[in-house]
Amino acid sequence: MKDLDPVLIFSGVSKSFASADGLVQVLRGVDLAISPGETVALTGESGSGKSTLLHIAGALDTADQGTVHLAGHNLAGMSDAKRAAVRRHDAAVIFQQFNLIPSLSVADNIAFQARIAGRADEALITDLADRLGLSDQLRKYPEALSGGQQQRVAIARAIAARPRLLLADEPTGNLDEATAAEVLDELLALVADTGAALLLVTHSPAIAARMGRRLHLSKGRLV
Amino acid sequence: MNRACLAALLSHWIRNPLQLFAFLAGLALATGLWSGVQAINAEARASYDAAAATLGDGQFDQIVPATGDAISQEDFVTLRRAGWLVSPVLEGQINGVRILGFDPLSSPIGFGVSEETQTGDLSAFLNGDQLFANAETAGRFQTGIRVVINPAVASGIAVGEIGMVQRLLNRSYLSRLFVQPDQPLQRPALADIAPHLRLKAASQTADVGELTDSFHLNLTAFGLLSFAVGIFIVYSTIGLAFEQRRGMVRTLRALGISLPRLITLMFIEVLLLALVGACLGIFLGYIVAAMLLPDVAVTLRGLYGADVAGTLQFRASWWGSGMAIAILGSLAAAAAKLWQIASMPILASAQPRAWAMRSGRARGVQAILAATSLLSAAGLAWFGTGLMAGFALLGCFLIGAALTVPLLMHPFLAFAAGAARTPVARWFWADTRQQLPGLGLALMALMLAISANVGVSTMVSSFRMTFVAFLDQRLAPELYVEVANAAQANAIETQLPDSGIVVLPLLAVDAQIAKQPTRLFGVRVGPTYRENWVFLDAEPDAWDRVSAGTAAVANEQLARRASLWVGDSVALGEELTVTLAAIVADYGNPRGQLVVGEALFRRLHPEVAPRQFGLRTDDPASLRNTLVSDLGLADSAITDQSALKAISLQVFDRTFTVTAALNVLTLIVAGFAMLMSLLTLADLRVPQLAPVWALGITRLKLGQLELLRTGVFAVMVCIIALPVGLGMAWVLLAIINVEAFGWRLPMFLFPGEYFRLFLLSLLAAIAAASWPSVRLMRLPPARLLKVFANER
């Protein structure tokens, strides 16, 4: 795969879920391509399928129809182990609820994904902690951190693994306005430095406005 | 990757040391009690094997007297001259130690001193005045003869050259003759040259291992019960730890750990923890076994005459079984949670499921399991036969009863919540019901421990009451004497009645009756027997018919084994049949017995002279003096009735020391299970209690309510445990005891004892709840406020 080839390609992706009212079509023939270094905002009303799209893009979920290529890998029909390997090496997700490992220290949390991907770079980790203002918090455990600090740890963990695609699910949704702005600044700066692509789900028009491209999902279709 | 992931999984335990402690301590206690019991069993079995090797039991045919216990030197010489290759053995006792004399030149076995007799200096063995014994036995007796320490000689036995042993025991006769496996073809039949001797096949020799099997099975059952209680703690802890890590599991999978790898690593994690817990448990088991073994040794000696070494060795058989059961138990406890994780979608909610939210469906499954177990128990009680069926019945009954604990409590708590008037009371009962799923396992463990205590104490106390009454009826004569020769016997029979002494000769011989090895007794029927013996079942004129020689009395063991009861006929010879007129209880005796009148016995066995007598007198001390000074009996040949009763009761009490100790240990483990459950649940409780605190209930009040809640649980557990314990006692007395020992005990109730036990259990539960309650009372408000701070 060439460096400038899209890191994420959706071709006619559809997804539905069974519910008490019958089958709910969440994504309907979504086509999408994101190139390295590109920052993309994904907006849409609640229940429009944003998170589902993000999960499929991150190899956390599978499409019912269509194909998904992530960093050159066709995710269709992949085994759980192979999809886990793609998640480990090529994509990283920043969750709204941070999803840090509570029993690991901040330092170990930051290094964790890089370690399991086999490319832990202590210098990069130190640098990330420094840039995100976490240097004094490295020995602490997540429960001792504020929400903003925990989200910074989640960002550092994702960046430290040097993924080709960064997926962020409302990464500032739990933070106050000022902190959210700070965290977003740091995230964009780090993405720019690493050259990874960023797909960010948000409800905030202001945050979406800071992305290079904006996509809107409505009733399962990109508009 | 594996290292980082395993480190992340293990970090949970480091960050939650209390859970780690609960897991390791629970497993160590479970394994400790199990492996302790196994260590005792292994030590006993090793002693039996050593005894068999030393005594040759079960290995070679033996020639023994048809009656009595002596073979003359002349008989031995006659047999050798006739071509029989036999080797003489003499047995006696000094200070409770079996002294065995043998001829090393002809003996087919080495009696544990093969080294000395085959490869060592044989002439020194033959000529030297020395006995061989292990160190423990050597310390138990003094003979004036040099004792050479030899660890290969079985415990409780000393061996030496036969001539020297004859001099030591002051006997000229022999006890038995070993028959060499290879015999000349042309030799006369034993009946032709020594009709008063009989050949005893190797397979007929008493196997002490078989005799004690049921005792060891009882210990094993107790060990298993303790293990089950301990493994509840492990299951509970693993359940909580896995629940708390659902979020971590989701994160790990989202970050790229595949499900099979994650399951494998979690399996390894449990395995590592299990190994540590098992090692601690085996160490604990060693301590438990070392503490209990001396009492077990006394029990086995008292009940079965089996000598067991009082010192413990670190044998692979028991620590291996401890290790295996600890690891298998832990993995079994983790299996359900691993399965849940394996079937959990990657995007499933990461929120720990509140224990209280366990659905009614789970209760339904539990109810079905409980009903199945109880129905199986009923089926086994009705149709089952054999000791294993008895234990299976007990197991099903206890499992079924344990499973019903939360099911019985649930409706009661729902009713209490509905009936409560004040808001706090309503909240208290509703919250108590909400804690039920989380505490369910600990409550089941407590119920099992209390019911085991009720059951076993009922059995032991019933046994003791029966046993004391039994001793009073069976040990009626004030003195028992053993005569050394016919002259002494004659003097007792002729001289003592003139002084108003009632003489009761005890004639006995080993016989085969109703295809059962039996001790046949001949008794002089008189007031002593008529007034003191209480029959389990009898015809009205039983003693008259025994006295007339037309009927016999069987002990319960013989009656049950031979399927005989009152009114049945028993053949005593080819042409002689008597009716069974009564069945008598004979507690603690493993052998079958049949009692006939003295006249009939003497007709059947004219060669048997009484060697023992029971003597009835109003003045035992004076009679004792007469026996020693006038009749020349050795003082050691006279046994006082009260001393005999005291010894019997002492043996009895020590018999159940082990049971009592295991009982207390099980209760301690259950209390610990309660403590650990409450402590590990404490953190989960904070979000539930914070709103109540915020609404105006003080931390002190919350702490007090937590204590009260535990008290309520403990009282309910005790109420359920009482019928379960009594059911257990019934199974032990009416089924397992009959299958194991051949006799049934009456069941008595001891309300005072149960009340004391319930108070103790209540105190144990309150004590277990104290620490978590005090922690709650001192919980910083900041911790409670954090619950609201995390709300988004």
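Predicted model: local features only at pLDDT ≥ 70, side-chain atom pairs only at ≥ 80, totals over all residues.

Reader: Let me try one. Which residues does Gly567(B) touch, not counting residues up to four places away in sequence?

Author: Gly567(B) touches Thr579(B) and Leu580(B). The C-alpha atoms of Gly567(B) and Leu580(B) are 5.3 Å apart, although 13 residues separate the two along the chain.

Reader: Is Gly567(B) buried or exposed?

Author: The general idea is to count neighbours: a residue is buried if 20 or more other C-beta atoms lie within 10 Å of its own, exposed if 12 or fewer, and partly exposed in between, with C-beta atoms placed from the backbone. Gly567(B) is exposed, because 11 other C-beta atoms lie within 10 Å. In chain A, buried residues make up 48% of the 223 residues.

Reader: What elements does chain A have?

Author: Helices (H or I, at least four residues) and strands (E, at least two) are DSSP runs, numbered from the N terminus. Chain A has seven helices and ten strands. Among its contacts between residues at least 6 apart in sequence, 73% join residues at least 24 apart.

Reader: How do I read the order of the strands in a sheet?

Author: Start with pairing: two strands pair if DSSP finds at least two bridges between them. In chain A, six strands form an open sheet with mixed pairing, in the order E6-E7-E8-E3-E9-E10. Strand E6 (91-94) and strand E10 (221-222) stand at the edges with a single partner strand each, so one side of each is left without a neighbour in the sheet. Inside this order, strand E7 (residues 165-169) and strand E8 (residues 197-201) of chain A pair in the parallel sense over five bridges. Ala168(A) stands opposite Leu200(A) in E8(A).

Reader: What is the pairing in the open sheet of four strands?

Author: That sheet of chain A is antiparallel, with the order E2-E1-E4-E5. Its edges are strand E2 (22-34) and strand E5 (73-74). Strand E1 (residues 8-19) of chain A is joined to E2(A) by nine bridges, and Phe17(A) has Val24(A) as its bridge partner in E2(A).

Reader: Now the hydrophobic side of things, please. What is a core here?

Author: In soluble globular proteins, nonpolar side chains tend to be buried together. A nonpolar core is a set of buried Ala, Val, Leu, Ile, Met, Phe, Trp, Tyr and Cys residues joined through C-beta atoms within 7 Å. The largest one has 203 residues, of which Leu199(A) and Met447(B) touch the most other members. Its largest share, 20 residues, comes from helix H16 (residues 423-474) of chain B. A second, separate core of 33 residues includes Trp543(B) and Leu580(B). Beyond four places in sequence, the contacts of Leu199(A) include Leu8(A), Ile34(A) and Leu167(A).

Reader: And between the chains, how many residues does each give to the contact?

Author: Chain B and chain A give 21 residues each. On the side of chain B that touches chain A, H1(B) gives the most, with seven residues. That side divides into 13 nonpolar, six polar and two charged residues; Ala, Val, Leu, Ile, Met, Phe, Trp, Tyr, Cys and Pro count as nonpolar, Asp, Glu, Lys and Arg as charged, and the others, Gly among them, as polar.

Note on methods:
Residues numbered from 1 in each chain as written. Chains lettered and ligands numbered in written order. Contact = placed C-beta atoms within 7 Å.
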